[in-house]
Structures are given as structure tokens and as C-alpha cells.
Amino acid sequence: MTKQNAPRGNHPVLLALLVGLLAGFGGLARASVATTKPPLRPITVNLQDKSALQNGALYTLHMCVACHSLQGVRYSSLPKMLGMNRVEFEKVIGTNGKHYHDTITSTMPPAIINAFVKILPPDLTDIARRRSPAWLYTYLTSFYVDPSRPSGVNNTVRYNVAMPDVFAPMQGLQKPVMVQGLRFGSPAQVAIGVKPLTQGSMTQAQFDRTARDIVYFLYAVAHPHQQERARLGPWIIGLFLVLSVLTFLIYKLYWRRVITGEERWWRVGK
Amino acid sequence: MNSSKQSRARRVFGWFDDRLPISSLWRSQLTRYPAPKNFNLWYFFGSLAMLVLVLQLATGLFLAIHYQPNPHLAYWSVLRGIQRDSRWGWLIRDMHIVGASAFFLLVYLHMYRGIMYGSYKKPRELLWLVGIFIYLALAAEAFLGYLLPWGQMSYWGSAVVTNFVTAVPVIGKPIATWLRGSFVVGLPTLNRFFVFHVFLMPVLLLALVLVHMIALHHVGSNNPDGVEIHENVNESGWPRDGIPFHPYYTVKDLFGVSVFFVVFFWFVFYNPGGWGLLLDKLNYTPANILHTPADIHPLWFFLPFYAMLRGVPDKLYGIMAFGGSFALLACLPLLDRNPVRSIRYRSVLYKIDILMMAFSFLWLGLIAHGFATEHNMVYGLHVTEVFYSTFLLLPFFNRERSTRAKVIWLVAAEAVVWLIDLWMYSIHAHGWDLMLLTDWIPTLYLLLLFGLAIGFPALTRDAQKLPERLTAGGIFH
């Protein structure tokens, strides 16, 4: 029962040393695939901003859904999220001619997909779980003119993107800010930002707000249970925190005699 | 038996007890099962792993009810049917996802506990070996389950792993086709993976866990001091350093469970994807057979093995390298034959070696987390050599060695490492600069270990006086 018998105390020091080394060597692992990345435009998603969500839904369901689908989402799941009732939703945003309980699928006819697009654009249901809001925001606002591409445009965060610049009529065209950088370890001209080239139907601030609203909406559909999580989480975690304290007290109570080393206090083994 | 009213319950219970060994099992396995009284924090993880197993079975049952094992339906049956359409489906699925990672974390900690305190030594060799089989079954279970959501990473991860078999000469390809039921991962693969994941592997896991428990209760628990409590019993045959499992360890484990659930549910509610570590972000894209991702890698718990596989520039040898690491774990009782069990009473250099074992494992994971560049592959190879040497050097510590023996060990170990490097270089020449950039890692590790052993013989000396009784009790000792 005497504690000093155990020759301990040197391995925590060693452990700390090794953890430090691990952190140091971690850098070595990635050095050779360096790619110059453009800075992402910061954005804070606010799911309480219902008018922004409604505006995002309007643009997503009328513009994006021309090509993209949101197969995981039903129209009927949106009104509550957007702070509307069914009548308002059907009047203001609508269901693209589909049934209210249908999933959101691309309005592009399959014949057109086969004739022109060939490859289906990615589904947007969980795009905000695949990509961060800041990435999406930067992506939506960072198309630039690149004559070497079939669509005539490229994107700073998604190099050689296949999507055409559908925002050009609103945002206007943009030109890249190029720097000499690295792409997968090799020297290359890398676009790290964009500058306006032509004027669109919106001002820059208006367009940024529209892009922000689309990101809000995409984030909301990708995280459909944020409210339940926020409501339930503290209770469940709190319950187990309380239980941790209680069970620790019970443990102390039971183990008092074990730790003090009192012998023969159990009544077993007779 | 008295005939008062309260004895009716006793009589009913007695009827069952006469026909089933309820009270005798309760006594022999719980209230009169002697456990060492000095279990510390490291002894939480076994019981927690059992808890997570039950949790995975319970959540998996509900997921299986709603899941469609068909490539056309699978992805949306998970991402829409379970995550969005069915009530509480998101909670059950997130618990299953976090549970899978928790299971591995707990099992890794549990295994490392066994390594630290020599719990694989006589008479617990079979207990350890059954544990290794549990780990293998768990790995298979996780791999099979990962295909089911039919996301991009699910699909391509399974494609990579089912292609392992093709490394076997001549018969490899037909066997791979037979295993997949198809030339590529497809409907037959998904069907059989589903059945294996929800039926075969869970049954196997439960059976193995039962055998693990039976073996444990037969030989008794080891403890942080490595003292055999059954060798010191009182006049009634009860170990002097033993306490009944129930209530002492049940109340201790209840505390462990509560703390575990705080962390577990934090992840479930606030971070189910675990920064892309618990569920790969690419899995939010449906599987596309025509689009291979630029970077295919497994979830965090398989990353170290992936680094070993990638590090060796030949498919068959690579598979042997990572399969060999399981064999090393299984062979631990053969490699470490030093009579001293616990790391507390082992030499300083042995402690460094055991720490390096865990450290190089994490290090490999970090390397495999990066892209599959030539540099990272060679880097992985060299850290694999360190990981292997932490095991293969264990016989060195079995007894004290003469200076001559230490020098021979050093020269032999360095020679083996360099010969392996030359061999690998002959398979795939990637430039000496790349090779030398990280080759100092195993070289330096061996040099450091044996250099210290030669220069400071005291560092290889185990504690001269082992305790006869346990030294302390309680969680934080």
C-alpha cells in the first residue's frame, strides 16, 4: 500500500518529449505536396436569419436546381426551416412544379443532360458538410475569366472547375490575381484572388450578400437537425456530467477503505 | 425456509436458481470474483469497449431496419431515409459513427495497457491472443460497415482493400472476383458486406468477447504492479490484495462510463463528423464508379496500417508488411519473455521502446494522413521499420546483455534495416535523396537505443527488487 515503492515518474516526461517530437515531425509529412491556396473569404453562418435563408432558398431552388439536385431534401421540409408556412412557401418559393413532398431534383430534362452536360453536376444536399461555409462562399464569388477552359472561366478555390460562371450576369466577369506559387509541389501561376472586369446587374455588395444567402441555405439543408442538437445536447451531456460527479462520490465512498489500506474489511471468501 | 410472505419472491427465485446457475455465477463472477485492488485509469477501457459493443449492436439494429443494401438506394437510404426522413435517425446514425471510432480508440488503449503491464505474459497468453482476434474481427467489421453508406470513400476504400487479394500470384484475381462476387465492387459486394456486417461479424465478435471474458476470469486480472495476487492468499483462500469485483469495480466502471458518455455525446451532438476524421468528408458524395478520388485513404484507425502498406513499393510485400504487424502483436508473448511484467519495474530503455511503439504507430498515422507522394511513401517505410523494431527488439530486453552482445545487436539491427532499404530501393528506385531524407529515422533510433545500452548499462537494468504486495489502490495511482 505504500506509494513510494513504485519507481514511476519518468515516463510522463518521456511521453511529453515524444508528443513534442510527433508534433515536430508532423510537418515533414506534408511538405512535399504544398499547393498555394487562395485565402478563403470568412463567413459566419446565422441560421436565425430567416430572410437570408429565404433569399438563399429562392436562388438555390430557381438557379442552382436548374442543373444540381438536392435529392436528400424534400420541399416539405423547407418551410419550417425558412420560418414560413406551407402556403407562403408555395407562393413565394414554390416547388418547381413538383409535389410538395417530393425530393428536390434537377429541373433539367434528362435528354439535355445526355446531350450537353454528360456528367451530372454534384448533388448539393450535403455539400456544406463536404466543404466548409467559407470555402463555398469563396467558391461562389471567385470565378474568373480563363480562355484556356472550355467554359471560358476558372475558379480560385476549385482549379479547372467544370461549372460555367452562371453568376456572370449578376456579378459581372472577373479577372484573376495571379502569383507565382506551387501546385502539388511544382512551381505554377496560381490565382489567389479576383478583381472585377465587367459590371453585372448587381453591385459587388449585393452579389456578396446573395452568395452569402445561398451558403446559409446550403448549410441549413446540410445540417437539418441543428435545433434538436442544440436543444438536446446540453441536457444529455449535462446529465452525464452530473452522473460523473455522483458516481465519483459513490466510488470514493466505496473505495475509502481500499485506499486507506484497511485489511480484512470484506466479508467474502469464507 | 421460513414461510413468511417475503419468502415467496425467494421461492420463485429459488425455482429458477435451482435450474439456472444464477446466484452461483453472480457470486463466482462478480461478488466473490477477486480483482486486484490497484487498477488505475488504464483499466477503464476494457469495460468501456464492451459498453460500446452493446451500443453499436443496439444502434446498428435500427440502422439495419432502415437501410437498403442496393447500390441504387443505399446512399440515399442513409443520407435521406435515416438522416432526414426517419425520426431520430440522425441521432442513431451519429451514435453509430462516433461509436465505431470510440470502439477503436478504446481497444487501442486497452491493448496498450496490456503491453505496458505485461498482461500477455504467462498465464495470460491465450487471453492476449483471443484479444488480438477480437481486434481483427473488429477491423473486419469496421471495414465491411464502411462500404454500406455507398459514398465515394466507402466505394473506393473497399475497391482498394478487396484488391489486396490480387497481389497473390496466379490465383489472386479469381479469388478477388469470388470474394467481391463481381469484377468490381458492386451489388453482390454490397449485399454480402451488409450480411457480414450485421450478422456474421457481430456474432463472431460476441463469441470472441465471451471467450475473452471466460479466459480472463479463469486466469484472473493482471494489474499495474504485475504482481500475481493469487500467490498471496489468506487462510480462507482469498487473495490478500484482491477485492470483490462487485461492488468495487462496478462503481469504478460506472464513473468511467459517465465520463466516457460526456465525451461521446459531445461528439454525437456537436461534432459527429469529428473534423472529417470520424467520417470522411468525401463520403458525402455518392459512389461514382467512373470517378476515382485523387486521394483514397481509410479512417483514422487504419491509417498506420495504410502507411505500412503504402511504404513498401510492392503490393504483395506491402500487404505482408501490414499483415505482419498483426502477427507481431500476436507474437508478443513469444518476443517478450522477461519475467518482470509491469513497465514500472522494467529498465529505462525498455520504457523508451514501449513508448516508441505507440509513438511510431501514431507517427505512421500522421504520415498516411498526408497525400500519397513518393516522399510520404518512403517516409512511411522508414517509420514502419521503427515500429517493427520496437517489437523485434523486445527479446534484447529479456535479460541483461554483455557489451559484446549489445554491439552485435546494434550492428545486426542496423544491417537488417539497411538491407531492407536496399531491397526496397531495388524494387522501386525513387532517388537516393528521397531515401536518405528519412532513412536516418530507424538508423538513429537503433543507434540511440543500443548506444545508450552500451554507454550506460544501468539503463538496461530492470528493478532489482520487485514488490510482493500491490503498492497502491484507486483510479489515480
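Guide: What follows looks at helix H17 of chain B and two helices that pack on it. This is a predicted model, in which local features need pLDDT of at least 70, side-chain atom pairs count only at pLDDT 80 or more, and totals for chains, interfaces and linings use all residues. Residues are numbered from 1 along each chain as its sequence is written, while chains are lettered from A and ligands numbered from 1 in the order in which they are written.

H17(B) covers residues 432–455. Helices are DSSP runs (H or I, at least four residues), numbered from the N terminus. Start with H16(B), residues 403–427. Its axis comes within 9 Å of that of H17(B), and the two cross at roughly 170 degrees. Axes are lines fitted to C-alpha atoms over the stretch in contact, and angles run from 0 to 180 degrees between N-to-C directions. The pair is therefore roughly antiparallel (over 145 degrees). Contact means C-beta atoms, placed from the backbone, within 7 Å. H16(B) contributes residues including Trp409(B), Leu410(B) and Tyr425(B). Among those on H17(B) are Leu446(B), Phe450(B) and Ala453(B). By class, this contact has 12 nonpolar, 2 polar and 4 charged residues. Ala, Val, Leu, Ile, Met, Phe, Trp, Tyr, Cys and Pro count as nonpolar, Asp, Glu, Lys and Arg as charged, and the others, Gly among them, as polar.

Now H14(B), residues 348–369. It packs on H17(B) at about 165 degrees, with axes 10 Å apart. That makes this pair roughly antiparallel too. H14(B) supplies Leu349(B), Ile352(B), Asp353(B) and Met356(B). H17(B) answers with Tyr445(B), Leu449(B), Leu452(B) and Ala453(B).

Note on methods: Angles under 35 degrees count as roughly parallel, over 145 as roughly antiparallel, 65 to 115 as roughly perpendicular and the rest as oblique. Two residues are in contact if their C-beta atoms, placed from the backbone, lie within 7 Å.
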